[in-house]
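What follows is a short report for a reader who is new to this structure.

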Amino acid sequence: MKLLENRTALITGASRGIGNGIAIEFAKQGANVAFTFNASVEAAKALERELETYGVKAKGYQSNAADFDAAQELVKEVLNDFGSLEILINNAGITKDNLLMRISEEDFDKVIEVNLKSVFNLTKAVIRPMMKQRQGSIINMSSVVGVKGNAGQSNYAASKAGILGFTKSVALELGSRNIRCNAIAPGFIETEMTAKLDPNTVDEWRKAIPLKRGGSPEDVANACVFLASDMSAYITGQTINVDGGMLT
Ligand SMILES: NC(=O)c1ccc[n+]([C@@H]2O[C@H](COP(=O)([O-])OP(=O)(O)OC[C@H]3O[C@@H](n4cnc5c(N)ncnc54)[C@H](OP(=O)(O)O)[C@@H]3O)[C@@H](O)[C@H]2O)c1
């Protein structure tokens, strides 16, 4: 039996990387998938076609997760197109790394807006329909950097730590409505973004991870399947590290 049959998931930032992996695993588990992207129109079309091969409904929406009004409009459209919405995955995120000495106000604000405010925007937009349905699972993509901090990533770490506080608060507010809210803290996940890094540095990172490899988008997607499905029906307000033991 598929774990996510008869459910619709909205995944932000699925044109590439981790979000892409989540969309594919969700379709394999029978979920209908609405997903967003920022600029990658062609990649989004290709993903729509790929998801449909699993026999589910799929649609990509170009929508800036950092824009409050756009998020409200997006959820309205998804509900019109799909009829219901049981799962939200707040995955869209960016980095603008720099040492605090050099970081600009603009780069601090931008990362907070895209990574943290977006989580507020989308969560606020879905809770009314989820409350009516008396069912919902919200999964927020944090990072081990949000748990531990990281030199050169104060803006990113602040956004990802903020997500953890937000996640726990939503879990406490909406548990009585059968809406669960959890976070995932990925470690080093090998995506297009990390493929551009110096191979020697990446090799050093791999060696330092207890499981001796970087994670894949599928590793993160599998944790999302668990948190979205009834397999985790009694789990809310938690953070699952998907990091090969990095923070242990
Ligand atoms: N990779 C890692 O090692 C790692 C580790 C820990 C946490 N994470 C977190 O996991 C999430 C995904 O990371 P990733 O490595 O898969 O990133 P990625 O490959 O850079 O993909 C980012 C995705 O987000 C979309 N996006 C960016 N800005 C957006 C906006 N304003 N509105 C809507 N969508 C937007 C992008 O769309 P376009 O293609 O249109 O630009 C793309 O689909 C992020 O939240 C990241 O912080 C990643």
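Leaving aside its neighbours within four places in sequence, which residues is Ala23 in contact with? This is a predicted model, in which local features need pLDDT of at least 70, side-chain atom pairs count only at pLDDT 80 or more, and totals for chains, interfaces and linings use all residues. Residues are numbered from 1 along each chain as its sequence is written.

With those neighbours set aside, Ala23 is in contact with Ile11, Ala14, Val33, Phe35, Leu47 and Leu51, where contact means that the C-beta atoms, placed from the backbone, lie within 7 Å.

Two helices, each a DSSP run of H or I with at least four residues, numbered from the N terminus, meet in this region, and their axes, which are lines fitted to C-alpha atoms over the stretch in contact, with angles from 0 to 180 degrees between N-to-C directions, are described below.

| Item | Value |
|---|---|
| Helix 1 | residues 17-28 |
| Helix 2 | residues 41-52 |
| Axes of helix 1 and helix 2, distance | within 9 Å |
| Axes of helix 1 and helix 2, crossing angle | roughly 20° |

Helix 1 and helix 2 are therefore roughly parallel to each other, a term for angles under 35 degrees. The contact is made by Asn20, Ala23, Ile24 and Ala27 of helix 1 and by Leu47, Glu50 and Leu51 of helix 2.

Elsewhere, Gln133 is found in helix 4 and is in contact with Ser84 and Glu86, again leaving aside neighbours within four places in sequence. Gln133 lies 51 residues from Ile184 in sequence and 24 Å from Ile184 in space, C-alpha to C-alpha.

Note on methods: Parallel < 35°, antiparallel > 145°, perpendicular 65-115°, else oblique. Contact = placed C-beta atoms within 7 Å.
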